[in-house]
Each structure stands twice: as structure tokens, then as C-alpha cells.
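Subject: Structure handover

Hello,

Please find the structure below. My notes on it follow.

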Amino acid sequence: MAFNVSIAVAYVVLFGVLLIFTLLSAASANWSLTKHFLSFLSLSSPPYAGEEMAAKDPTDHFLSARNSAGPFAIGMSFFASGMGAWVRTTVCCLSLDSCRLVGCEEHGWHHADTSDVLLCSS
Amino acid sequence: MGATPALSWIAVLGYSIGSALPAILIGVLVGPKVRAMTGRYKVKAFSTTDFGRQRYGRIMQVTIACVSGFYMFIFNVAELTAISSIFQTVTNVYSTAFRLIVAISMGVCTMFYTAIAGLPASIVTDKCQGLIMAVLVVLLTLTVTLRKDNRVSSAEFDKASNWTGQGAMAAATLVLAIASAELFNQGTWQRVWAAKDVKAMRQGFAIGSFMVFCLMMFFGIMGLLAYANDPVSYDNGEKFSFLSFFDLLEPLHPSFHVLTLILVTALAASSIDSLQNGMACIFSRDLIKIGWYPKTVARTLVVLLNIPAVYLAGEGKSVLELFLVADLVCATAVFPVFCGLQTKDHGMFKAPTEVGAFLGVLSGIATVLVNGVINEAEGNVFQYFWLRNGGICALCGHKTLISFIVTPLVSLVVTYVASFFDVLVRGEHARSPIFTTAFDKDDVVADDDNEVGVVELTDGDDEMKKPNGLVQAISLPKNKTDHEAEAYA
């Protein structure tokens, strides 16, 4: 299998995506400065229940975001948090044993992860 | 599963339904009741460990914490391992150093931004991640299927498209295993308490369930397409079915490979940050009660749990079997824990007691061991948790299906039988926790004005008394502002 993504591009993707999410989180931690920005992105709808809850009990809000999320947020959150990188391979096939059937280990391949992604050991 | 013709459609459907079902179970059925039952205490609940403590006692709280913690830890390791493996595959760089860098970056970054803003950050980023994922999946669907190289005729597709008994067994196993396991995913349960109200919770989880189903079907169908495109290579082992989606991506322009990397990174980050928040919330309520700087302790706990996770991911060790162990361990405890939603005796079916529930969990574990002996599992008696029974895939075969049916059933029966005898022998003391800590005794219920008050169970509520000062707010008293209790009832 031949992919053409260079390692430099891979690092840019990795750190770029993580940076974006870090900035989003930092923004969400300070409602007074970013609520308009978040509203623009339709990421938070007024009145900002989160802001109200955060002011009322910051510790509880930090740990639970209690009573702050609408149906869209809950739906997207369940979708995003439940669907991980494992989806890319396991649904295509749970194939640990099918790999063993063709003697993968004899060719120096080792089983790498729960997603059954086998990597050729170099 | 899509790219394995012996499993094909039914297994893909089973996996999709199994992945979407927990949202319905948690968000629509069980979640509202758990939320209402735990919502009447001065210090609010954060996870089902708090439900376990309030409903049963400390022993079940610790049991739930162990099962949940184990499952979420394994899930976290799996995510870190998967993302680093995918980066290696796409870049063709298979060095351990690169693998470690990806795993450490993911772990550290997600730990950092969850430490900054906690669960609210996770929910906000999840919205963004979900949108990115939805857009990219649509884009990739169009691109992959419109590509001439990936087109197949109906005759070719028929080779991949099968409805098999093995697929049906795998489907049933997946539904049972995933549902059992996800009911212990505190990352999901946190959304129950984060929802504005019960209506938002039900609607939100229904939306999430539908989206999960669609995404899983998408990847499954991609597997079918990949196999149909080149069945000979898959049959003789030149290509591996678990890499079938990459097989379809390969002919595309490199920019689509980059888009796929973005998608996968978003997928992994969204799961990992939710798991980290989930792991941190297990003892949040007690930490708040004790006053042990809960945010700091939660952050420290997340860091401590991530270090071994990143290490294991960097090692590239096989965690599939541990994942299966986690599913089976969760299956031993799912009924004992959630039968706690029954708060009234129904004839011989007594409301489960702590002793009954704990014995139910132990019986589930014993069932797995006995199953191992019957199936002549290799190694010691605990080896059968690894489900090595010759199935064509890790969760395939009738023996695995039987394990996931029998184990929770036995735990269910033992929970009720043990609870019956517990009440028979110990009387009303059976309803009390086996032991309580000193600071449990001032656990009182807050009314809607946030004034502390003690709920007095109404006359006729003879199923649960107030032992040792610990209020068992099982029957929710009528309160004109208690909308949630009215709603779920």
C-alpha cells in the first residue's frame, strides 16, 4: 500500500488539529471574552447556560458542565466522543484471526493495536 | 467486517446498531431515571459510581469504579495506539520514535486542554470535531465512490455482499458486548448530567445515535466495496480486510490522504478527551465532599492514568484482547448495577440489595471462569476472559456469543436470588449499605431553592428506610418544581 503523505505534513496535521482544539478549549474557558466568537460559530447559543453555571459553581461546572448543554451539543458530543480512530479499521474487519490464518506472524508482522492494524516490523 | 465476506452485511449492521444502541439505552431509557435519582442530593452526582454509592453503598461504588476505570483505560490505550498506527500507515514510517511522538502528542495535548476547561471544553470541542467529521465523511464518501478505480459492478459486489450465520452471531455478540461496555463509559454518562434537561438529553442522544449508526455503516460499506473491488487479493492474504478503507483511499490524490488524517486525528482527539474527563469524574463527588481540591486532584488523576496509556500505545502492544476482556468484565456487572433502578419490591423480585448486586457481579465473573473450563481454554482459569476459542474473528463464533449471553444472565439471576435471601435473612438491614463512611451521614437532600433539607419518605414507602442517617431517596417525593422527576416518571 503506497501513501504519499510526508512525515512533515503528518506532523503539521497532527499539531495543527490539536492546536485548533486547544484554542477552542481555551476560548471556552473564558466566556466573557469569547461568547460572541462562539456564537458566531454557532457553538454556543444564548443565554449562555454554561456561563451562568460557571459563575454559580465553577468547580461543579468544570467537572460536569451540569445542565448546560442543549440537544445539538449532546448529540454531537456523543457522536464525536464515541467514534474514535478505531472506527477506521474495526468496522472494515475484526480480523485478528483471519490474519493469523495467513501466517502473518511468520512474515514478521506483529499485531499492533485493538483496531487490528498490522504493521510490518522493520 | 465489511471486507470479510463470511461476516459481511449482518455483522456490519450489528456493529452499527451495537454502537448506536448505548445512546438509546443511556440517553432515552436509563439516563433520565439515574439523573433524577441522583439529583436530589446536596452534592450532585458526576458519574454512575455516585449512583452506585447512593443506591447501594461503597462496595458497589468501588466495583463500578473499577469496571469503568478499566474499560476507559483500555479504550484510551486503544485510541492512542490506533491513531499512532494510522499515522505510521499513511506516512510509511514505522519507527517506534514516530509512534511515540504521535501518542505522546495526542495524550499531552488532550490532557492539557481538558485541564484548562474540563468537561465544558470537551463538549465544545466535540461539537467542532463532530462537524468536521460529518463534513469529511460526506466528502470522502463522494470522492471514494465516484473514483473509477473504486467502482464495482453488481456482480462483483455480490461477492462481498452476503448474509451469513457467522455474521449474525458476530452481530449479536457485538450488540451485547458494546452495550454492556458503553454503559460503563463515564465519558458518555457525563453527558447525561450535562444536558440542560431530560428532553434535551433524550433528543441529543437520539441525534447522536443516528449519526453513529450512519458513520459505522459508512465504514462497513467501504469495507464491502474494497473487497468487491479486489476479492482475490483479500482472499489470498495480499490485502488485509482491516486496512480496506485505506485500500480505497490509496488511488486518491494525496490531498485526500491529508483530509483523512485530519478526520482521524479529530476522531481520536474527541474520544480521548472525553475518556480523560470520564476517568477524572469517577471520584469527583467524594473529592468535593471531602474538600480535596477536586479540580487539582482530577487533573492529577488524568495525568497519572495517561502515562501508562501513552507508554502502552507507544509500545504498540496488542490491546485487542484486553479490549475484549473489558467488554466481558463489563458484561458481568451490567445487570447487577442497573437493576438498582428497581426501587420497589415486586413479589419475590426484591429491589436489589448491595449484597445481592455484589454477589451478582462475582457470579458473572465465575460464569466466565466456568465457561472457560467447559470450552477447555488454554492456560489458567482466568484465560477465558481473553475469549480465545477459535472464532474467525475476535468477537465471532457461537462460543463467544454464548459467553456474552450467559454471563450477564447469570449475574442477573444471582442478583435477584441473593437479594431475596439477603432480605429474608437480614430484614430491613439488607437495604442499608454494608458500611458507610463518616461523611456519608450528613448526605442530605437539597430542595430546589438549594436549601438543605431532609427528605422524609412518605407513609407507605416501606421499601427503603433511612438507615444510619443515610437518606435513600429512592421514592422521589412530589415537588412542584421537580420537573425532571415528573418527566421521567
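Helices (H or I, at least four residues) and strands (E, at least two) are DSSP runs, numbered from the N terminus.

First, the ground rules. This is a predicted model, in which local features need pLDDT of at least 70, side-chain atom pairs count only at pLDDT 80 or more, and totals for chains, interfaces and linings use all residues. Residues are numbered from 1 along each chain as its sequence is written, chains are lettered from A and ligands numbered from 1 in the order in which they are written, and side-chain values use heavy atoms, with hydrogens and water left out.

Chain A

Chain A has 7 helices and 2 strands. From the N terminus on, the order is α-α-α-α-α-α-α-β-β. Of its 122 residues, 57% count as buried. Buried means under 20% relative accessible area, exposed over 50%, and partly exposed in between (1.4 Å probe, protein chains only).

Back to helix 5 of chain A. Of its 12 residues, 10 are buried, so this helix is largely enclosed by the rest of the structure. Among the buried residues are A:I74, A:M76, A:F78 and A:F79.

The loop between helix 4 (58-64) and helix 5 (71-82) of chain A holds A:A65. A:N67 is found in that loop too. Most residues other than glycine have a negative phi. A:A65 is not a glycine, yet its phi is positive, about 50°. A:N67 also has a positive phi, near 55°. A:A65 counts as buried, at 1% relative accessibility. A:N67 counts as partly exposed, at 26%.

A:R66 has two contacts to look at. Its side chain meets that of A:D60 in a salt bridge (2.9 Å, N to O). A salt bridge is a side-chain nitrogen of Lys or Arg within 4 Å of a carboxyl oxygen of Asp or Glu. The charged end of A:R66 also sits over the ring of B:F46, 4.9 Å from its centre. That term needs NZ of Lys or CZ of Arg within 6 Å of the ring centre and within 35 degrees of the ring normal. A:R66 counts as buried, at 8% relative accessibility. A:D60 counts as buried as well, at 12%.

Rings

The whole structure has 10 aromatic pairs over all chains. Rings of Phe, Tyr and Trp (its six-membered ring) pair if their centres lie within 6.5 Å; planes under 30 degrees apart count as stacked, over 60 as edge-to-face and the rest as tilted. One of the pairs joins A:Y11 and B:F98, edge-to-face, at 5.5 Å centre to centre and 85° between the planes. This pair crosses between chains, from helix 1 (residues 7-28) of chain A to helix 4 (residues 96-146) of chain B. A:Y11 is partly exposed, at 22% relative accessibility. B:F98 is buried, at 2%.

Within chain B, ring pairs link B:F184, B:W189, B:W193 and B:F338 into a cluster. The charged end of B:R55 sits over the ring of B:Y56, 5.0 Å from its centre.

Chain B, other points

B:L174 lies in helix 6 (residues 165-182) of chain B. B:L174 is buried, with a relative accessible area of 0%. Its C-alpha atom is 9.9 Å from that of B:L13, 161 residues apart along the chain.

Over all chains there are 6 salt bridges. One of them joins B:R426 and B:D422, with the closest N and O atoms 2.7 Å apart. Both residues lie in helix 16 of chain B, 4 residues apart, about one turn of the helix. B:R426 is partly exposed, at 33% relative accessibility. B:D422 is buried, at 7%.

B:E428 forms a salt bridge with B:R431, the closest N and O atoms being 3.5 Å apart. Shared partners join B:D345, B:E428 and B:R431 into one salt-bridge network.

Best wishes
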